[in-house]
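Please look over the sequence and the model below before reading on. The paragraphs that follow move from the chain as a whole to single residues and their partners.

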Amino acid sequence: MSLSPQPDQPSGPYDESPQELYLDPEVLAQELAEELLGDPLDAFDTSDPTASDVAAECDLGLQFLRGEAGGSSHDQRMQGLRIFCEHRDPRALPLLLPLLAVSCPIVRMSAVYALGRNPSPLAVEPLLALLAADDNGYVRKAVAWSLGNYPDAPVLNPLIRSLQVDIAAVRLWAASSLAEAGCSGPAKADPAAAQLLLSLRIDSEAAVRSNSAWSLGRLYGDLVEPRQQVVVESLLAAMLHDGESGVRDEARLALEQLEQPEVLERLQTLVDEGLLS
């Protein structure tokens, strides 16, 4: 099992970027693969676990996090974190929170993903502190994803700031999480959409622009006029003029999924005029 985001929250089309991250990204990526991916045979297990199976695995995960299962403390931690990146159990919370402060960035990152899978109000403040100040890009990227599972917490402005100023890998997930953070009505959706519109237009990374288009489509129903019309026009502009095909495709898909008759009619007109295939 990978600790890349697998949420309840849908993700945008891109979930990683080759931009510079603190520490050597190749070395850290290799360590992550060794520590976190687990047995490749897991991919062939298509059976759904029963409630008793999940409970037993969570019990084992708690033993790992407490250091009660034997073996090195680091290996036990990683095994426990792997379990709680997949399963929810409120008993894990007091064991996960202290791991946000350990020196190893792999442990911090894994604890962040586990707290995205197991959201708690107690995790909001330390997660926001990591997003603002952690010196490891992988950790901040994990936080940007996890905060999408905290839509009722004060995460909107921190995510907007990350989308404005952080490295590309963090901006990418901040763009996706803003769809969740802003979906409770116009008061949150409008500022989220304002930044996403700007990022769709000016961000240097195609993956960030693509996720911005995806999130704008998700937020559309929570917006009011004239912001809805601005979103439509911006997605149309991206669909027709962005230099990357992936962004153009994502903008078109976002427009189609609005299921607005006037928007679909404009798309059909562009097809009829030979401007879209």
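Two residues are in contact when they have heavy atoms within 4.5 Å of each other. Among contacts in the chain between residues at least 6 apart in sequence, 71% join residues at least 24 apart. The model is a predicted one, in which local features need pLDDT of at least 70 and side-chain atom pairs count only at pLDDT 80 or more, while totals for chains, interfaces and linings use all residues. Residues are numbered from 1 along each chain as its sequence is written, and side-chain values use heavy atoms, with hydrogens and water left out.

The chain has 14 helices and zero strands, where helices (H or I, at least four residues) and strands (E, at least two) are DSSP runs numbered from the N terminus. Of its 277 residues, 49% count as buried; buried means under 20% relative accessible area, exposed over 50%, and partly exposed in between, with a 1.4 Å probe and protein chains only. The chain exposes about 13,200 Å², of which carbon and sulfur atoms supply 52%, the areas coming from the Shrake-Rupley method with a 1.4 Å probe and, for residues, with only the protein chains shown counting as cover.

At its start, a side-chain oxygen of N136 reaches to within 2.9 Å of the backbone nitrogen of Y138.

Which aromatic pair does a search of the whole structure find? The search finds one, and its partners are Y113 and W145, whose ring centres are 5.5 Å apart and whose planes stand at 55°, so the pair is tilted. Under the rule used, rings of Phe, Tyr and Trp (its six-membered ring) pair if their centres lie within 6.5 Å, and planes under 30 degrees apart count as stacked, over 60 as edge-to-face and the rest as tilted. Because Y113 lies in helix 5 (residues 105-117) and W145 in helix 7, the pair ties together parts that are 32 residues apart in sequence. Both Y113 and W145 are buried.

In one of them the side chains of D134 and R108 meet, at 2.8 Å from N to O. This pair links distant parts of the chain, with D134 in the loop between helix 6 (121-133) and helix 7, and R108 in helix 5, 26 residues apart. Both D134 and R108 are buried. R108 also meets D135 in a salt bridge, at 4.0 Å from N to O; D135 lies in the loop between helix 6 and helix 7 and R108 in helix 5, so this pair ties together parts that are 27 residues apart in sequence. D135, at 56% relative accessibility, counts as exposed, whereas R108 is buried with a relative accessible area of 8%.

A further salt bridge joins D203 and R171, the closest N and O atoms being 2.7 Å apart. Here D203 is in the loop between helix 10 (186-202) and helix 11 (206-219), and R171 is in helix 9 (residues 168-181), 32 residues apart. D203 is buried, with a relative accessible area of 9%, and R171 counts as buried at 11%.

Helix 9 also holds W173, which is buried with a relative accessible area of 0%. The C-alpha atoms of W173 and A144 are separated by 5.4 Å, although the two residues are 29 apart along the chain.

S212, in helix 11, is likewise buried, with a relative accessible area of 0%. Not counting residues up to four places away in sequence, S212 touches A175, L196, S199 and L200.

Of its 80 residues, L81, L147, Y150 and L255 touch the most other members, and the largest share, eight residues, comes from helix 5.

Terms used
A polar contact is a pair of N or O atoms within 3.5 Å; within protein, one must be able to donate a hydrogen and the other to accept it, and residues adjacent in sequence count only if both atoms are side-chain atoms. A nonpolar core is a set of buried Ala, Val, Leu, Ile, Met, Phe, Trp, Tyr and Cys residues joined through side-chain atoms within 4.5 Å.
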